[in-house]
Amino acid sequence: MIKIGKANDNDYTIDAQYVSRYHASLVRQPDGVWLLEDLGSTNGTFVNEQQVVKKRVALTDQLRFGDSQTVSLSDILRFNNNYSEEFAALKEVYDNYVAAKVRIQSSNQFKIRLFQSLPFALPGIIGVFIGFLGKGSPLLFIVSLLLVICAPTIGIFLGAKQSAKVPQQLQDIANQFKIDYVCPKCGNFLGEIPWESLKNRKQCPVSSCKAKWVNE
Ligand SMILES: [Zn+2]
């Protein structure tokens, strides 16, 4: 939403005599079209010199507020600094990133433990198996002996291999996060800073940007 009027806390401030403090608003509709609404101004809102109360406006439409100079919608949008809606959408990006990180770590921990503990159970299972079927066969005895020796080594190897996967998976989601978690205006990465903390800053700290993140 873009607030238009004479008061300084509007998103688009107009310094003209017959403009009301809170004169009009522009609200982006779900279909992307902007809806202009007069907020009960004293001297009216005009689209292409026709007075309107509420009207969907196109980029080339000429807007006038009271006795202000006529501006096109695209002029106002270029001037607009209110990115609160786009910023609000970043909360999901941050939450999803944190959740994905936890998911990767816990699922890997489970697999590592499984790989490391399974081989210690394996010889026992094989021993029982051989006990039933082997009836003292020397070949089966050697196979079972080899497994007893090799299984823990394989387990440790698989566990180590699994734990080596973690940094790569974390790197992948971190790279995507760096693309997605950016200021909606200037595109600078916001860092691994919780969304709630950024919200408290209210605007982009980049001096050439200063996009408004929180609408007040
Ligand atoms: Zn910015």
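Trainee: How many bridges join S3 to S4, and in which sense do they run?
Mentor: S3 and S4 run antiparallel and are joined by five bridges, where strands count as paired if DSSP finds at least two bridges between them. Leu26 has Leu36 in S4 as its bridge partner. Strands here are DSSP runs (E) of at least two residues and helices are runs (H or I) of at least four, both numbered from the N terminus.

Trainee: What should I know about the model and the numbering before going on?
Mentor: The model is predicted, and local features need pLDDT of at least 70, side-chain atom pairs count only at pLDDT 80 or more, while totals for chains, interfaces and linings use all residues. Residues are numbered from 1 along each chain as its sequence is written.

Trainee: Which sheet do S3 and S4 sit in?
Mentor: They belong to an open sheet of five strands, ordered S2-S1-S3-S4-S7, with mixed pairing. Strand S2 (12-13) and strand S7 (54-57) are at its edges with a single partner strand each, so one side of each has no neighbour in the sheet.

Trainee: And what is the strand order in the sheet of four?
Mentor: That open sheet runs S6-S5-S8-S9, with antiparallel pairing. Strand S6 (50-52) and strand S9 (71-72) stand at its edges, each with a single partner strand, so one side of each is left without a neighbour.

Trainee: What stands opposite Leu63 in S9?
Mentor: Val71 in S9 stands opposite Leu63, and Val47 also stands opposite Leu63 in S8. Strand S5 (residues 45-47) pairs with S8 over three antiparallel bridges, whereas S8 and S9 pair over two, also in the antiparallel sense. In the hairpin of S8 and S9, with five residues between the strands, Gly66 takes a positive phi near 55 degrees.

Trainee: Switching topic, which residues make up the largest nonpolar core?
Mentor: Eleven residues do: Ile2, Ile4, Tyr12, Ile14, Val19, Ala24, Leu26, Trp34, Leu36, Leu63 and Phe65. Strand S1 (2-5), strand S3 (24-28), strand S4 (34-38) and strand S8 (62-65) each give two or more residues to this core. A nonpolar core is a set of buried Ala, Val, Leu, Ile, Met, Phe, Trp, Tyr and Cys residues joined through C-beta atoms within 7 Å, and buried means that 20 or more other C-beta atoms lie within 10 Å of a residue's own, with C-beta atoms placed from the backbone (12 or fewer is exposed, in between partly exposed).

Trainee: What is Ile4 in contact with?
Mentor: Leaving aside neighbours within four places in sequence, Ile4 is in contact (C-beta atoms, placed from the backbone, within 7 Å) with Asn10, Tyr12, Ile14, His23, Ala24, Ser25, Leu26 and Phe65. A second, separate core of nine residues includes Leu90, Tyr94, Cys183 and Leu190.

Trainee: How far does H4 reach, and where does it bend?
Mentor: Helix H4 (residues 138-180) has 43 residues and reaches 62 Å from first C-alpha to last, close to the expected 63 Å, which is 1.5 Å times one less than its number of residues. H4 bends by about 35 degrees at Cys150, with Pro152 following within four residues; the bend is the angle between axes fitted to the seven residues ending there and the seven starting there.

Trainee: And how many helices and strands does the protein chain have?
Mentor: There are five helices and nine strands. The radius of gyration, taken over C-alpha atoms, is 32 Å, well over the 17 Å that the globule rule (2.2 Å times the number of residues to the power 0.38) gives for 216 residues, so the chain is more spread out than a compact globule. Buried residues make up 16% of the 216.

Methods
Contact = placed C-beta atoms within 7 Å.
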